[in-house]
Amino acid sequence: EFLVVLPELPSGSPVHGIERLRVSLTARQISATAPELRVAFSAGITAYRPGESMDAAIERADKALYQAKAAGRNRSVVM
């Protein structure tokens, strides 16, 4: 797992960027010897809410990530 913090982005931008990245990576062949091998990932996306702790925002993103994994993986959930 890893965390990406994108300060000062317009609302909705991270979701569109993550989906473009997912489509691009899934379509890309990463091994000539195993052409069926593909990259896929799940993402939990949230926005920092003014006045909340950073820990609360990270916890919400983590919950969204686990919802994405439970829903079948290779998807994003926004909370």
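Predicted model: local features only at pLDDT ≥ 70, side-chain atom pairs only at ≥ 80, totals over all residues.
What share of the 79 residues of the protein chain counts as buried? The answer is 18%, where buried means under 20% relative accessible area, exposed means over 50%, and partly exposed falls in between (1.4 Å probe, protein chains only).

Residues are numbered from 1 along each chain as its sequence is written, and side-chain values use heavy atoms, with hydrogens and water left out.

**View 1. The protein chain has two helices and two strands.** Starting at the N terminus, the order of elements is α-β-α-β. Helices (H or I, at least four residues) and strands (E, at least two) are DSSP runs, numbered from the N terminus. The C-alpha trace spans about 50 × 25 × 15 Å along its principal axes.

**View 2. The largest pocket holds about 1,200 Å³ of space.** Among its 34 lining residues, L3, V4, G44, I45 and T46 are the closest to its centre. Elements giving two or more residues to this lining are α1 (13–27), β1 (43–45) and α2 (54–70), and α2 has the largest share with seven residues. A pocket here is an open set of points on a 1 Å grid over the protein atoms alone, where a 1.4 Å probe fits, with protein on both sides within 12 Å along at least five of seven lines; lining residues have an atom within 4 Å of a point. Points are joined across faces, edges and corners, and the volume is the space filled by probe spheres set on them.

**View 3. The pocket lining, sorted by residue type, gives 23 nonpolar, seven polar and four charged residues.** Ala, Val, Leu, Ile, Met, Phe, Trp, Tyr, Cys and Pro count as nonpolar, Asp, Glu, Lys and Arg as charged, and the others, Gly among them, as polar.

**View 4. R22 puts its charged end over the ring of F41.** The distance to the ring centre is 4.7 Å; the cut-offs are NZ of Lys or CZ of Arg within 6 Å of the centre and within 35 degrees of the ring normal.

**View 5. S31 sits in the loop between α1 and β1.** S31 counts as buried because its relative accessibility is 18%. A polar atom of its side chain lies 3.1 Å from the backbone nitrogen of A34.

**View 6. S24 belongs to helix α1.** At 32% relative accessibility, S24 is partly exposed. Its C-alpha atom is 9.5 Å from that of V39, 15 residues apart along the chain.

Definitions and conventions. Polar contact = N/O pair within 3.5 Å; in protein donor to acceptor, adjacent residues only side chain to side chain.
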